[in-house]
Structures are given as C-alpha cells and as structure tokens.
Amino acid sequence: MQNFSSPLTSTERIVKIVRDKTLAIMKKGVSFLVTVALMALASSLASASDPSPLQDTCVAIAEPKNAVFVNGKFCKNPNLTKADDFFYSGLDKPGNVSNPVGSAVTQVNVAQIAGLNTLGISAVRIDYAPYGQNPPHTHPRATEILTVLEGTLLVGFVTSNPENRLFTKVLNKGDVFVFPIGLIHFQFNIGHTNAVAIAGLSSQNPGVITIANAVFGSDPAIDPDFLSRAFQLDKNVVKNLQSRFWYDNN
C-alpha cells in the first residue's frame, strides 16, 4: 500500500518557511561566532610584546635549585629578592666607537638586570662616532622607541613586502622616533661630532639581527651560488663579502 502525506495547510507552510529561515540564520550566526573566536585566539597568540608577568617579581637566576622556570629564566625565591636585582650602573659611560661601523650599543636587558625577567621591557645606549652608523638590523621580539640625547641622526625603517616603503627622519637633540617590531631599521650620525641616543624596547630580551652579518657572516656560510642569485650579484662578489669580518657593535 502506498502512503501519501496530506498537503500542508497555509498556516503550516508559513511555519515551515519561518523555521527554515531561522535555522539558516542560526547556522550563519554560529559560523560568525566561530570565526570571531578563532580570530581572537590568533590575535592573542600573535601578541606583540612579552607575556604578562604571573607574579609581582621574577628575578632571573642561573641556579634552578628551589626556583621556578618562567618566561625563559628561572625565578629567584621572592623572599630572597633585593634592590640590586633591579639596578644597573654605567649607562652614563660612552661605548667604544673606534670600530668599522663607528658605533657601540650598550645593552640593559634581562642579562644585565635580572629583575627585568617577565616585565617585557629593556633599554640600550647607542654611541656614534662622526658619520658612524648602527647598520640595518631588526629586533625580532620588540618595538623600539629612540631618543636623541646629543648630535644629529638620520634614522629610518623599511616596511615589509611587497611595498618595502622607506620612512626616514633627521633627528636632533630631544627628538624621538619609533621603529616597529620586526622591521629593518638603522641610524646614521650625519653630524661632525659624536652623537648619543637612548632607546627603550618592548621585550626583556629583544634580540638583534644585523642584516649583513646574518647573510654574509653566517656560520656555516650560506651557499654563494644561492646568494649570488638571491642578490643578483656575481658569485665572486658574494665570496668576497663572505670573506670579510662583519663587526658586531652590540
């Protein structure tokens, strides 16, 4: 025997249409919420600064006995923390600029002030000889804010591909400039006298990659055939660059 369903009444048809549309809207809403949640998760994972501290202090300590491992360093027992853990002396002393690049960077990060551990900040002093430079480099873990204390600097940074826009500015005493996290940047003393700058960085350990040193001074060396094609240079030019001593001013 063949069964036939009875036709829907007009009221039932309206109810069915409303139900179907409601379900469709709900599905879209769920999809939207999932998308937003995933974007929020990705944003939190891509935070542009060090993780937030988990306690008031976490003074870095080399000896792991009776210590807690947090943010890349072992933490000293808070009961043993002292004022010197948050202190550094010597940033008033100029660095030695008698070198091939004519500059010296004095770092004050978690290696110099153990109390910086988990606090997401550090500082540097940069000294420049006349026409000295801080060569193109990048900080993979920090944004940098630089203040000129003495002299005149030409500074700049380059944005990422594909634009590779160059932003430059001449800075005088008291001027401030920001280098966004991860972007290649530089400073050049265009004055006839020594220059000095102080910079703050948004990481306890910002890291530094000097472009020329990393590319042509790597250990072991990168295949010159590869570099000659990548930089569109003669292979002998690449070998000559690789044979040079690449000075590290940090």
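Predicted model: local features only at pLDDT ≥ 70, side-chain atom pairs only at ≥ 80, totals over all residues.
Local features here need pLDDT of at least 70, side-chain atom pairs count only at pLDDT 80 or more, and totals for chains, interfaces and linings use all residues. Residues are numbered from 1 along each chain as its sequence is written, and side-chain values use heavy atoms, with hydrogens and water left out.

**View 1. D85 and K76 pair up in a salt bridge.** A salt bridge here is a side-chain nitrogen of Lys or Arg within 4 Å of a carboxyl oxygen of Asp or Glu. The structure has six of them. For D85 and K76, the closest N and O atoms sit 3.1 Å apart. D85 has a relative accessible area of 8%, so it is buried (buried is under 20% relative accessible area, exposed over 50%, partly exposed in between, with a 1.4 Å probe and protein chains only). K76 comes in at 13%, so it counts as buried too.

**View 2. K76, K82 and D85 form a network.** Salt bridges link these residues together.

**View 3. D127 meets R125.** The closest N and O atoms of this salt bridge are 2.8 Å apart. Both D127 and R125 are buried.

**View 4. K235 bridges to D225.** Their closest N and O atoms are 3.0 Å apart. The pair links distant parts of the chain, ten residues apart: K235 belongs to helix 4 (residues 235-243) and D225 to helix 3 (residues 224-230). Helices are DSSP runs (H or I, at least four residues), numbered from the N terminus. K235 is partly exposed because its relative accessibility is 30%. D225, with a relative accessible area of 40%, is partly exposed.

Methods
Helix = DSSP H or I, 4+ residues; strand = E, 2+ residues; numbered from the N terminus.
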